[in-house]
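User: Hi! Could you walk me through this one?
Analyst: Happy to, here it comes.
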Number of protein chains: 2
Amino acid sequence: MKYCHDCGNAVTKRIPDGDNRLRFVCDQCEMIHYQNPRIIAGCLPVFEDKVLLCNRAIEPRRGFWTLPAGFLENGETTADGALRETVEEANANAEIHELYTIFSLPHISQVYMFFRASLLDLDFYAGIESLDVKLFTESEIPWDNLAFPVINETLQHYFKDRKDDVYPVRYSEIIRPLRKPS
Amino acid sequence: MKYCHDCGNAVTKRIPDGDNRLRFVCDQCEMIHYQNPRIIAGCLPVFEDKVLLCNRAIEPRRGFWTLPAGFLENGETTADGALRETVEEANANAEIHELYTIFSLPHISQVYMFFRASLLDLDFYAGIESLDVKLFTESEIPWDNLAFPVINETLQHYFKDRKDDVYPVRYSEIIRPLRKPS
C-alpha cells in the first residue's frame, strides 16, 4: 500500500495515536488503513461413502486436489460462501449440515472454515478454477497430492469421525514462520 | 474507495474479467481491490460461577455491556486475538479452553468467534475502551443492556450448557437487511 484510497495522497507506516501497531496512515487526511485476516469458506461434500475433490486449475498448487473453498465475500454468510464456492469450482449441488473444521493460519492471515455437506446429485463438473472434479472413497484419496494441510486434516478428521457418525467441530492452528509483512 | 492504493490513480467499480461481482478496479494499473468480511475474536472469561463483562467506553453501543472482543489482526491466531482483546479491554489474565460460538453477520460482513476461557486471577481492570469491568452471576447479567445480539446469544448458550458441563461449538447466522455497500 502506497496511496490513500480515500484521498489519493501518500501513506506511511506508523503507529497511530492510541494504537499499538504499525498501520498504513494517510499523511494528508490521517485515514488509517487497517488490514485484517481473511476467511476462506469451503465444503466437504459427501455422496454415499465418497468425498468430492477438485483438482486446482490455478496457482497456488495447480494440479493438486482440494475441497471446494474460497474467499468469503462481503454480504454473504460463511455457509452461503461455502456453497457458492462449491458451485463455482465444481458446479455441484450440495446442502450443508454443519460447520466442521476451523483452521487459523496466522502466517498467511487466513482463517479456513469447512462445512460438512451432502451432494444432492451427481451432475457436477469442473468449474473454471478446476481441472477436474471427482468422487473419492477413503482408500482412493490422493493423500500425497492434496493442495493444502487444511484439506489433509479435514479429510483425516472426517474419515475417523465417520466411524461413529459423530462430527464435533474442530478448531486448530497451523503455525508456520510469519511471512514478511507487505 | 476512490484511489488505487498501489499507483494512486482513480478506481472505478466494475466486474473484472472472469469475475461475477462488482469490485474496485484501478483504471490505470488494473489492480483489483478486493474487500472481504472481517473476524471479531473474543473471550467468554469465567471465574467460578461468574462471567466477566466490559462496559463499552466507545461507540457503537457506548455504556452497554459486552464480552471482550475485537477485530482479529494480521499475523495472529484467532485464539491469540481473543486473548489480546481480553487484555486490552479488561486487563484480564485468562486461559482459553475451546472455541465456543461463531456468528456470521452478512449485513455487516463480520464473523464473530468467541472462545470459552477461565480467568486466572481477579486482577482485572478497565482498559481504555471500557468504562467498567465486572463479574456477573447468571442472575446478575444485565440482559437488557447487552451491547450486541451475539453477546446475548453466547451468554444464553453458556448458562444452558453449563448445567451439563458440555459446550458444543455453535455456528449461527444473524440475518438483517444488507447495509448499503460503500
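User: What is Phe103(B) in contact with, leaving aside its neighbours within four places in sequence?
Analyst: Its partners are Val111(B), Tyr112(B), Val150(B), Ser172(B) and Ile174(B); contact means C-beta atoms, placed from the backbone, within 7 Å. Keep in mind that this is a predicted model: local features need pLDDT of at least 70, side-chain atom pairs count only at pLDDT 80 or more, and totals for chains, interfaces and linings use all residues. Residues are numbered from 1 along each chain as its sequence is written, with chains lettered from A and ligands numbered from 1 in the order in which they are written.
User: Is Phe103(B) buried or exposed?
Analyst: Phe103(B) counts as buried because it has 22 C-beta neighbours inside 10 Å. The cut-offs are 20 or more other C-beta atoms within 10 Å for buried, 12 or fewer for exposed, and partly exposed in between.
User: Which strand is Phe103(B) in?
Analyst: Phe103(B) belongs to β8 of chain B, residues 94-105. Strands here are DSSP runs of E, at least two residues, and helices are runs of H or I, at least four, numbered from the N terminus.
User: How many residues of chain B are in contact with chain A?
Analyst: On chain B there are 32, in contact with 32 residues of chain A. On that side of chain B, β8(B) gives the most, with three residues.
User: Switching topic, in what order do the strands of the open sheet in chain A run?
Analyst: The order is β1-β2-β3, with antiparallel pairing; strands pair if DSSP finds at least two bridges between them. At the edges are β1 (11-14) and β3 (32-33) of chain A, each pairing on one side only.
User: And which residue is the bridge partner of Val25(A) in β3(A)?
Analyst: That one is Ile32(A).

Key:
Contact = placed C-beta atoms within 7 Å.
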